[in-house]
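Subject: Structure handover

Hi,

Here is the structure for you to look through. Please open it next to this email and follow along.

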Amino acid sequence: MAHTDTPDNQGSPLWRFSLRTYRQPGVADACIALQDECGVDVNVLLFFLWLAAEKKLVPALNARAVCEQAALWHGDVVAPLRAVRRKLKGGSTLIERNTAELFRTRIKAVELEAERLQQEALFAMTANLEAEPAESVEAAARAFTPGAVEILIAAVAASAERHRAQHADRDHRGNQE
C-alpha cells in the first residue's frame, strides 16, 4: 500500500481502517518488508486485520478463497504498477530526472487507486463471507498468524543462509588471493 494523504472519511470502512493503520509508526515499514521479503499482499493482510478488529474470524478455506480472488487483481494490476513506479525511482537514462519523477508520481497515484479498488472489492466480499465471532481482536488476528509465522521463519532462514553463503564465498575468495 503506497503512502497516501487521502482523507480518512472517504471509502469503505476497510479503506478507512487501512489508511489509519498504515499511518501508525512502523506499520508502513513492516508492511513493505512483508510485501517485498515474503510476498504478502498487504491489502489482503489489512483486510484480515480489519476483520480481526471487528472480532471476526474467517475459516481457513474461506480465507484461501479470498486470497485467490485478490491475487488476480494484485498480480495483473497492482504489482505491475508498483514495479514500474519503483523502476522509475532511480530516474531514467532517456527522460530528464524531474520529468521522470513527475511521471512516477502519477503512476503512484494510479497504483494507490488500484489498491483502493482492490480493498473496495474485498470489502464487498464481506456480505457473503462466512466469518465466526472471535473472543477478542487478538484472538481473531492470531488465527491468521500461524501461516504468516511460517512464511516469516522460512524467509528469515533463507536470508540467513544466503548471508552465510555470501560471507563464506567472500572468505574463500580472500584466502585464494
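One definition comes first: a residue is buried when its relative accessible area is under 20%, exposed when it is over 50%, and partly exposed in between, with a 1.4 Å probe and protein chains only. By that rule H74 is buried, because its relative accessibility is 17%.

Some ground rules. This is a predicted model, in which local features need pLDDT of at least 70 and side-chain atom pairs count only at pLDDT 80 or more, while totals for chains, interfaces and linings use all residues. Residues are numbered from 1 along each chain as its sequence is written, and side-chain values use heavy atoms, with hydrogens and water left out.

**Overall layout**

The protein chain has seven helices and two strands. Helices (H or I, at least four residues) and strands (E, at least two) are DSSP runs, numbered from the N terminus. Read from the N terminus, the order is α-α-α-β-α-α-β-α-α. The chain has 177 residues, and 28% of them count as buried.

Contact here means heavy atoms within 4.5 Å. Take the contacts between residues at least 6 apart in sequence: 70% of them join residues at least 24 apart.

Which residues does H74 contact, leaving aside neighbours within four places in sequence? They are D41, A79, P80, R82 and Q118.

M125 belongs to helix α5. Residues up to four places away in sequence aside, M125 touches V66 and Q69. M125 and V66 are 59 residues apart along the chain, yet their C-alpha atoms are separated by 8.2 Å.

**How the helices pack**

Look at α3 (residues 42-53) and α5 (residues 97-125). Their axes come within 10 Å and cross at roughly 40 degrees. The axes are lines fitted to C-alpha atoms, for helices over the stretch in contact, and angles run from 0 to 180 degrees between N-to-C directions. Angles under 35 degrees count as roughly parallel, over 145 as roughly antiparallel, 65 to 115 as roughly perpendicular and the rest as oblique. So α3 and α5 are oblique to each other.

The crossing of α3 and α5 is right-handed. That label applies if the near helix is turned clockwise from the far one by less than a right angle, and left-handed applies if anticlockwise. On the α3 side, the contact uses N43, V44, L46, F47 and W50. On the α5 side, it uses E115, Q118, Q119, L122 and F123. Six of these residues are nonpolar, three are polar and one is charged. Nonpolar covers Ala, Val, Leu, Ile, Met, Phe, Trp, Tyr, Cys and Pro; charged covers Asp, Glu, Lys and Arg; the others, Gly among them, are polar.

Now bring in α1 (residues 13-22). The axes of α1 and α3 are 10 Å apart, at an angle of about 100 degrees. That is why α1 is roughly perpendicular to α3. From α1, the residues P13, L14, F17, S18 and T21 meet L46, F47, L49, W50 and A53 of α3. This contact has eight nonpolar residues, two polar and no charged ones.

**Salt bridges**

A salt bridge is a side-chain nitrogen of Lys or Arg within 4 Å of a carboxyl oxygen of Asp or Glu. The count comes to seven.

Start with E111 and R82, which meet at 3.1 Å, N to O. E111 is in α5 and R82 is in α4 (residues 60-89), 29 residues apart. Are these two buried or exposed? E111 is buried, with a relative accessible area of 0%. R82 is buried too, at 7%.

E111 also forms a salt bridge with R85, with the closest N and O atoms 2.3 Å apart. E111 lies in α5 and R85 in α4, so this pair ties together parts 26 residues apart in sequence. Both E111 and R85 are buried.

R104 and E101 form another salt bridge, at 3.1 Å, N to O. They are three residues apart in α5, so about one helical turn separates them. R104 is buried at 9% relative accessible area, whereas E101 is partly exposed at 34%. Finally, salt bridges that share partners join R82, R85, E111 and E115 into one network.

Best wishes
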